[in-house]
Amino acid sequence: MSSMTRTAHKDGLELAVIQERLSGKDGQDYWRSLNELADTEEFQEYVHREFPEGASELSDGLGRRKFIQLMGASLAFAGLTACTRQPKELIVPYVRAPELMVPGKPLYFASAISQGGFARGVLVESHMGRPTKIEGNPSHPSNPREGAKFGPTDIFTQATILDLYDPDRTQVPIWNAKPSTWTRFRGSLATEMAKLDLDQGAGLRLLTETVTSPTLAAQIQDLLKKYPKAMWHQYEPNGRDNVRAGAQMAFGEVVETQYDFGKAKRVLSLDSDFTAVGSASVRYAGQFAEGRRIEDGQKNEMNRLYVVESVPSNTGAVADHRLPLKGSQIDGVARAIAQALGINAGGGNTYGHDVWVNALVKDLKAHQGESLVIVGDHQSPSVHALAHAINHTLGNVGKTVKHTAAVEASPVDHQASLNGLVSDMSAGTVSLLVMVGGNPVYNTPSDIDFKNALKKVPTTIHLGQALNETSQLCNWHLPESHALEAWSDARAFDGTVSIVQPLIEPLYSAQSAHEVLAMMLGDGRQGYAIVKEYWQAQRGGATFDNDWQTWLHDGLIPNTALAAKSVRLKGNYGSPVSSLDGLEVAFRLDPTIGDGRYANNGWLQELPKPNTRLTWDNAALLSPATAEKLGVKDDDVIDVAVNGHSVALPVWRMPGLPADTVTVHLGYGRTVAGRVGNGVGVNAYALQTSNALWQAQEASVSKTGQTYKLACTQDHWYMEGRGLVRTGTLEDYTHHPHMIHEMGHVPGEDANFFNGIHTSEEGHAWGMTIDLNACNGCNACTVACQSENNIPVVGKEQVLNGREMHWIRIDRYFKGSLENPELYNQPVPCMQCENAPCEVVCPVGATTHSAEGLNDMAYNRCVGTRYCSNNCPYKVRRFNFLHYSDDHTESLKLGRNPNVTVRGRGVMEKCTYCTQRISAARITAKVGGQELKDGDITTACQGVCPTNAITFGDINDPNSNVSKLKKQNRNYGLITELNTRPRTTYLARLTNPNSEIAQHG
Amino acid sequence: MAQLFSRSSNAFARTSIVLVLILVGTAITILLNTNRLKYTSDVEVAKQQPVPFSHKHHVTGIGLDCRYCHTSVEESSFANIPPVETCMTCHSQIWTESPLLEPIRESYRTDKPIEWVRIHDLPDFVYFDHSIHLSKGVGCQTCHGQVDQMPLMWKANTLNMEWCIECHRAPEKFVRPKEEVFNMTWQAVDDQGHNIQAVLGARLVKEYKINPSTDCSTCHR
């Protein structure tokens, strides 16, 4: 935090005033942020300026004289370009054309991308051999979508494509900070391995992250067979240790637990963000949303979600009842619920929420076999064991809950495994340490001194895609090939195996983990041979070659999901946690950059984090009341201390956080991440200790007197009220179906000043609906749009100026109290108004209306007056103030979508419903002599959405999905009173509260 | 006070106004027409290529179909420039010693592609698709001219937006039967040699459901 400024803090409004304003609002009032509630003069001015003061001016200290010189020069060049001829362009065809490739048409290949070791099935779009976009594989169990061309995915899978082209990737092997070659590495490795042969590999240690790949596991076993005294360790800081320990406690063995949210009518989440985090989050989010889908006259039942959580999450935002509690209190609540269900748990404590818990228990009892309880990975093993017991008692096992053998090749406790390794290293018994991925120098708790232990190992080897804190200190740093460059395999959450196939030759001199293992084993095979020969040995037979092709085509090996396993409860639930008064720190992996591995990914850094809408930083999240008590406001820097360690973090107040909790996200403060991630945020691992990994009690906070500006996007693109989010309870809606329409006003047809110009009933008329009942604010649409439409990253300074370029943003709204507000997420792309206010004010006709109802944007025609953005009531137009796209870095050019212009400076840009996809589908249909069918066009945001919240299609076709949804009584438009006639409309959010919990909470 | 300007300055002022108007008008006309010039748009300018490939020889002389090399023209936006492999199907047998073809053989030997100079080069913000034009009866010759008579390739039309729009606004003036799109010598005449484009075009527009859009997003995105 060296860049911290010592500016005098602006006096915001005190909490009391906010509370007073809040009490003045009636029940249907929504608010977006504390700033809005406070409604200071600063906020007023901020909103009315549209862009913050100075945003339109150069701010890098360029003198006036220099500026005029530059402007003069660029004007002269601008004039000249009109008179120059087009530059010479070359066509470079293949020497020998690859099979199947039709130049100009993309190909899709099925593969898998692993996160935390678990596979997600994907279809990768490849243009002339360059992977450009990742879609979900709709027939893969981790992200299924029946009958669709593409399946959903999450933000990390989408952003993997940018990692592939990251210019900071390591390009050649590095030996003691000097460039080297693989040949020299092989020689050096052979010498080391020969030494190991003498004592059965006693000094050899292999450190990996979670391994589910059957091939890699087999290679590791071969290695351990050859060197019986060698040891394999695993470490990945994702909290799965508690899941494993919980299963061990409950059943006496480690099992994997899968859930079926499609069959669950009542769901209880104990600090679990199952719709956004975990190996099956995309599948679960989809199943859960399906259980909430309401269709007038068809389906009027929905599930009910209770969430007890210590940090407001995506899942908490879609809950019917959300109970914010400190992390340490969740154990007591879980025990109370278990006891009420007749489980001999002991130590139950509802912390004053008897009514809530009793109503919940009654509801769960009434839904035996069709309910489920799920626990957050980072909760203690006892809570996991209790949830297992509750699920068993409720008869959910075999219905909504299923146990299988562990999916990991070796389900060890990672923390213990790491501790063992570090003590061996410190003791000097390790002579050769090989690390396959991972970054233990950075991402381990502060009491584990991996860095010093590393110094005691004579030879250290690290395989990784880019230099990091760990590989920097190793003798050898080897460039690892990206998942899109190498052969491999991996298991999904249910054990289903996918073959990972490369889309492109490695961009640099990189090898995969399999190939490095093969070098250690001395067999020198390449990835393809390693993976294929493994499977030939497993499933060899006369039809193997055919099967192999089928597996590659389908993206999975059929019937590899693990079978259900029966388990018996041991009745052991650990000892109750006593929740102490005072501050408590909750550690979480960062929602966008994970444990820090995505720190150099600009898309994920700039993605506003769910609920807080912060970008480019981590913060100490405090509830408004706790902040008031501590006397701190947003952007104040505080020292957070716990267990003898402390770090300085800026404060961000988050309504809905439990009192006395400081939430800190891990993954920031990287020092060796690359040009994007270096020095961004604060390293919170320094505060974490291995005895209190995810929640640490008895914390203290002290003011430093400094401030640090956080870049929050929530007050940007402000639409100023007017019934933007509409909600109701299922019960009210059933009795009074027009309640949603009555919340706003739509002018009649005759109100049209322009004589109905844009309402043609001929041809196609594109429209979209966004179901707020399904959306959980996971941000996948924003990243998918960024990937599809070549949207640049602008950086923190520019975000502070309100210049972020995302074409689809998620607006967050609160309703109700500061302590436990309801949370709402609303994705906002361009509305494609039929009476578009932007079109009439463009002086150069750069934005015009197409016959099919799109607000076309001709970038090459735009001169950058910004009148359109000024006149847009939805604030969905984005102006490219500086030349945000990187034109110089060669590797980044490869990843761009060739069907979308890379916009330059001074051009307005916006969502056009993925007009390139519409065009491609239309041409394909016409060339084939067909009519466009519903479902032929999938917009990027629609395809990626885990909950199927976005529907796109032809509203002139009465049978299209989108037409049917627009006829729903929940359908409404934003700011329709202005008679803009938006083509994008929303389906109101409905909740299904339990009437016994009187005060919604 | 005496008049500052003499009477004659009125005439001077009037003449100046007229002259300025003429000057501005001329300047605008010149500017607008600069881009239409063959010189600025490279129309009918043959370009030096690594191998002096003659469409005239291969199409008129040998009788190759356009699609022998431009394989993806019916299914993709890009018509395809053939891989060296395609050249070598014949030239591994004939003219195997020709010095003109050495770059082809060298490319095949060394696996280094040939760098052809693009003739039909649309600006990067224009997205054109060959397949849809062919399937609606726009002949190769309509845009590319008499390629069968070109010893070296050149551009027959400016490819300016004005030129595109001309057809998008009135396709009946340009379309031909689908089976004739690759025919380089087809003409819209009946047995008596009368031009029948007007009648034929109108019929084809209906039959092929030709409805070209002039929305910006048709070509720009």
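Tutor: Of the 1001 residues in chain A, 55% count as buried. Buried here is a matter of counting: 20 or more other C-beta atoms within 10 Å of a residue's own, against 12 or fewer for exposed and anything in between for partly exposed, with C-beta atoms placed from the backbone. This is a predicted model, so local features need pLDDT of at least 70 and side-chain atom pairs count only at pLDDT 80 or more, while totals for chains, interfaces and linings use all residues. Residues are numbered from 1 along each chain as its sequence is written, and chains are lettered from A and ligands numbered from 1 in the order in which they are written.

Student: What share of the residues in chain B is buried?

Tutor: Buried residues make up 19% of the 221 there.

Student: How do I read the overall build of chain A, say its radius of gyration?

Tutor: You set the value, taken over C-alpha atoms, against a globule rule of 2.2 Å times the number of residues to the power 0.38. For 1001 residues a compact globule would come out near 30 Å, and chain A has 28 Å, which agrees. Its C-alpha trace spans about 90 × 75 × 65 Å along the principal axes.

Student: And what elements does chain B have?

Tutor: Elements are DSSP runs numbered from the N terminus: helices are H or I with at least four residues, strands are E with at least two. Chain B has 10 helices and 1 strand, and from the N terminus they run α-α-α-α-α-α-β-α-α-α-α. Its radius of gyration is 25 Å, well over the 17 Å that the rule gives for 221 residues, so chain B is more spread out than a compact globule. The C-alpha trace of chain B spans about 100 × 45 × 40 Å. Chain A, for its part, has 29 helices and 40 strands.

Student: How do I check the length of a helix such as α1 of chain B?

Tutor: Multiply 1.5 Å by one less than the number of residues. The 27 residues of α1(B), 8-34, should span 39 Å, and the end C-alpha atoms are 39 Å apart, which agrees. As for cover, the count of buried residues in α1(B) is 0.

Student: How many residues does each chain bring to the contact between A and B?

Tutor: First, what counts: two residues are in contact if their C-beta atoms, placed from the backbone, lie within 7 Å. Chain B brings 34 residues and chain A 33. On the side of chain B that touches chain A, α5 (84-91), α6 (102-110), β1 (116-117) and α7 (130-135) each supply at least two residues, and α7(B) gives the most, with 3.

Student: What order do the strands take in the open sheet of 4?

Tutor: The order is β37-β30-β39-β38, in chain A, with mixed pairing. β37 (950-954) and β38 (971-972) stand at the edges with a single partner strand each, so one side of each is left without a neighbour in the sheet. β38(A) runs antiparallel to β39 (984-987), with 2 bridges between them; there A:Asn971 stands opposite A:Leu987.

Student: Which domains does chain A have?

Tutor: The bounds come from an automatic or database domain assignment. It gives domain 1 (15-57 + 584-712), domain 2 (107-164), domain 3 (174-238 + 412-554) and domain 4 (255-405). The centres of domains 2 and 3 of chain A, over C-alpha atoms, are 24 Å apart, and 23 residues of domain 2 are in contact with 23 of domain 3. On the domain 2 side of that contact, β3(A) supplies the largest share, 6 residues.

Student: Is A:His553 buried or exposed?

Tutor: A:His553 counts as exposed, because it has 10 C-beta neighbours inside 10 Å. This histidine lies in helix α18 of chain A (544-554). A:Ser111 is 442 residues away from A:His553 in sequence, yet their C-alpha atoms are 8.6 Å apart.

Conventions. Pairing = 2+ DSSP bridges.
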